[in-house]
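Have a look at it first, then read on.

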Amino acid sequence: MSQETSPEAGLPGGTGRSVGPLDEVDRRILDELVRDGRLSIRTLAERVHVSRTNAYARVERLLRDGVITGFRAQVAPEPAGLGTSAYISLTIEQNTWREVSAELAQVRYIEHVALLSGEHDVLALVRAPDNATLRDVVLNRVQSIAGVLSTRTWLVFEEFDGARSPWE
């Protein structure tokens with residue numbers, strides 16, 4: 001799908017508004033905000049070498065276009081009392097994704113859920129205080145959801161972020 005705006009985009013009967021591709025300054029802004037979402041516009045402008053007005057306008061446009069979806073604190077699981085992490089794959093009945101995802105969204109300790117193609121249908125990241133809680137999440141909560149046919153669990157021993165931002 002092209003990210004370019006067609007001549008009829010935004011017009012009645014057109015295909016709607018498309019976001020244009022990000023330029024180098026946009027990518028540098030994203031990289032800086034991913035590293036520290038608390039940056040002031042002034043500091044951001046200095047780091048990417050643009051005026052404050054330009055930085056503010058670009059951040060507003062990135063928010064409006066849905067490129068930036070919000071700002072939040074990153075919490076280290078272990079110091080926060082969530083010492084057990086695991087990925088759970090789910091195989092679900094065909095056409096139950098909406099119902100299953102609505103139920104998964106309500107399960108405490110599930111941090112992230114993704115719909116997949118391939119051998120498994122869903123992958124969920126669970127961060128729990130201990131193995132007993134993880135067991136409860138998998139065996140009592142997830143496996144009891146209507147539409148879930150089977151699960152498979154992988155315990156996380158160690159994790160880290162990649163060394164390079166995709167916005168550089």
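## A hairpin to start with

Leu 115 sits opposite Val 122 of strand E3. This is a predicted model, and the pair belongs to a stretch where E2 and E3 run antiparallel, joined by five bridges. Together, E2 and E3 make a hairpin, with six residues between the two strands. In the turn you'll find Gly 118, whose phi is positive at about 115 degrees.

## The sheet around it

Which strands stand at the edges of the sheet? Start with the order: four strands form an open sheet, lined up as E2-E3-E1-E4, with antiparallel pairing. Strand E2 (110–115) and strand E4 (148–155) are at the edges, and each has a single partner strand, so one side of each has no neighbour in the sheet. Going from one strand to the next, the twist averages 20 degrees.

Now for the pairing of E1 with E4. Strand E1 (residues 84–92) runs antiparallel to E4, and seven bridges join them. In this pairing, Ser 89 stands opposite Arg 152 of E4. As a general point, side chains in a regular strand alternate between the two faces of the sheet.

## Helices on the sheet

Helix H4 (residues 97–104) packs on the sheet, where it touches E1, E2, strand E3 (122–128) and E4. The direction of H4 makes about 170 degrees with that of E2. Helix H5 (residues 131–142) also packs on the sheet and touches E1, E2, E3 and E4. For H5, the angle is about 165 degrees, taken with the direction of E4.

## Two residues worth a visit

Is Leu 104 buried or exposed? Leu 104 lies in helix H4, and with a relative accessible area of 1% it counts as buried, because the cut-off for that is under 20%. Leaving aside residues up to four places away in sequence, Leu 104 touches Leu 90, Ile 110, Val 113, Val 122, Val 142 and Ile 145. Val 142 is 38 residues from Leu 104 along the chain, yet their C-alpha atoms are separated by 7.1 Å.

Thr 96 can be found in the loop between E1 and H4. Thr 96 is buried too, at a relative accessible area of 12%.

Elsewhere in the chain, helix H2 (residues 41–48) packs against helix H3 (residues 52–64). Their axes are 8 Å apart and the angle is about 105 degrees, so the two helices are roughly perpendicular to each other. On the H2 side, the contact is made by Ile 41, Arg 42, Leu 44 and Ala 45. H3 brings Arg 52, Ala 55, Tyr 56 and Val 59. Sorted by type, the residues of this contact are six nonpolar, two charged and no polar.

## Stepping back

How many helices and strands does the chain have? The tally is five helices and four strands. Read from the N terminus, the elements go α-α-α-β-α-β-β-α-β.

The chain has 168 residues, and 28% of them are buried. Taking contacts between residues at least 6 apart in sequence, 63% join residues at least 24 apart.

Conventions. Residues numbered from 1 in each chain as written. Predicted model: local features only at pLDDT ≥ 70, side-chain atom pairs only at ≥ 80, totals over all residues. Heavy atoms only, no water. Axes fitted to C-alpha atoms, helices over the stretch in contact; angles between N-to-C directions. Parallel < 35°, antiparallel > 145°, perpendicular 65-115°, else oblique. Contact = heavy atoms within 4.5 Å. Nonpolar A, V, L, I, M, F, W, Y, C, P; charged D, E, K, R; others polar. Pairing = 2+ DSSP bridges. Buried < 20%, exposed > 50% of the residue type's maximum accessible area, 1.4 Å probe, protein only.
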